[in-house]
Amino acid sequence: WKTSAGVYPEYLVQLGAYSILLEGRGDAVEEAHLCRFSKEFGNFSHHQITGPMLSVGRQQFRLLLSAYQNDALLKRMVK
């Protein structure tokens, strides 16, 4: 569930992260469904997130996590 003015690429990254968590406990995730409610008007839209889309979201999450971890390491190195 999202409340926003639109659907943004970051949502696929978030869904990719959720799918990693679910798969880590043994649940297979083949697709996801995003339900968005407009903050302004309250209207509803449904978006099916396919397996290939989730795969890109998972890949992007892992890349961002790696960059975050490397950034923390670099900060410790220069102290």
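**Entry 1: Phe 37 and the ring pairs**

I looked up Phe 37 and found that its relative accessibility is 29%, so Phe 37 counts as partly exposed; on this scale buried means under 20% relative accessible area, exposed means over 50%, and partly exposed lies in between, with a 1.4 Å probe and protein chains only. I noted at once that this is a predicted model, in which local features need pLDDT of at least 70 and side-chain atom pairs count only at pLDDT 80 or more, while totals for chains, interfaces and linings use all residues. I also noted that residues are numbered from 1 along each chain as its sequence is written, and that side-chain values use heavy atoms, with hydrogens and water left out.

Next I searched the whole structure for aromatic pairs and found three. Rings of Phe, Tyr and Trp (for Trp the six-membered ring) pair if their centres lie within 6.5 Å, and planes under 30 degrees apart count as stacked, over 60 as edge-to-face and the rest as tilted. Trp 1 is exposed, with a relative accessible area of 72%.

I then turned to Tyr 8 and Tyr 11, whose aromatic pair is edge-to-face, with 5.6 Å from centre to centre and 80 degrees between the planes. Tyr 8 counts as partly exposed at 38% relative accessibility, whereas Tyr 11 counts as buried at 12%. I also recorded that ring pairs link Trp 1, Phe 37 and Phe 44 into a cluster.

**Entry 2: the sheet**

Helices (H or I, at least four residues) and strands (E, at least two) are DSSP runs, numbered from the N terminus, and two strands pair if DSSP finds at least two bridges between them.

Strand E1 pairs with strand E2 (residues 32–37) in the parallel sense over two bridges: Lys 2 has Arg 36 as its bridge partner in E2, and Thr 3 has Phe 37.

Leaving aside neighbours within four places in sequence, Asn 43 is in contact (heavy atoms within 4.5 Å) with Arg 36, Phe 37 and Ser 38. From Asn 43 to Thr 3 I noted 40 residues in sequence and 9.8 Å in space, C-alpha to C-alpha.

**Entry 3: the core and the helices**

Which residues make up the largest nonpolar core? I listed seven: Tyr 11, Leu 15, Val 29, Ala 32, Leu 34, Ile 49 and Leu 54. A nonpolar core is a set of buried Ala, Val, Leu, Ile, Met, Phe, Trp, Tyr and Cys residues joined through side-chain atoms within 4.5 Å. Helix H1 (9–24) and E2 each supply at least two residues of this core. Tyr 11 also touches Lys 2, Ser 4, Gly 6 and Leu 34, when neighbours within four places in sequence are left aside.

I then checked H1 against helix H2 (residues 51–77), and these helices pack at an angle of about 90 degrees with their axes 7 Å apart. Axes are lines fitted to C-alpha atoms, for helices over the stretch in contact, and angles run from 0 to 180 degrees between N-to-C directions. H1 and H2 are therefore roughly perpendicular to each other, a term for angles of 65 to 115 degrees, where under 35 counts as roughly parallel, over 145 as roughly antiparallel and the rest as oblique. Among the residues that meet are Leu 12, Leu 15 and Ile 20 in H1 and Met 53, Leu 54 and Phe 61 in H2.

Last, I looked up Leu 22, which lies in helix H1 and is partly exposed, with a relative accessible area of 33%. Leu 22 touches Asp 27 and Val 29, not counting residues up to four places away in sequence.
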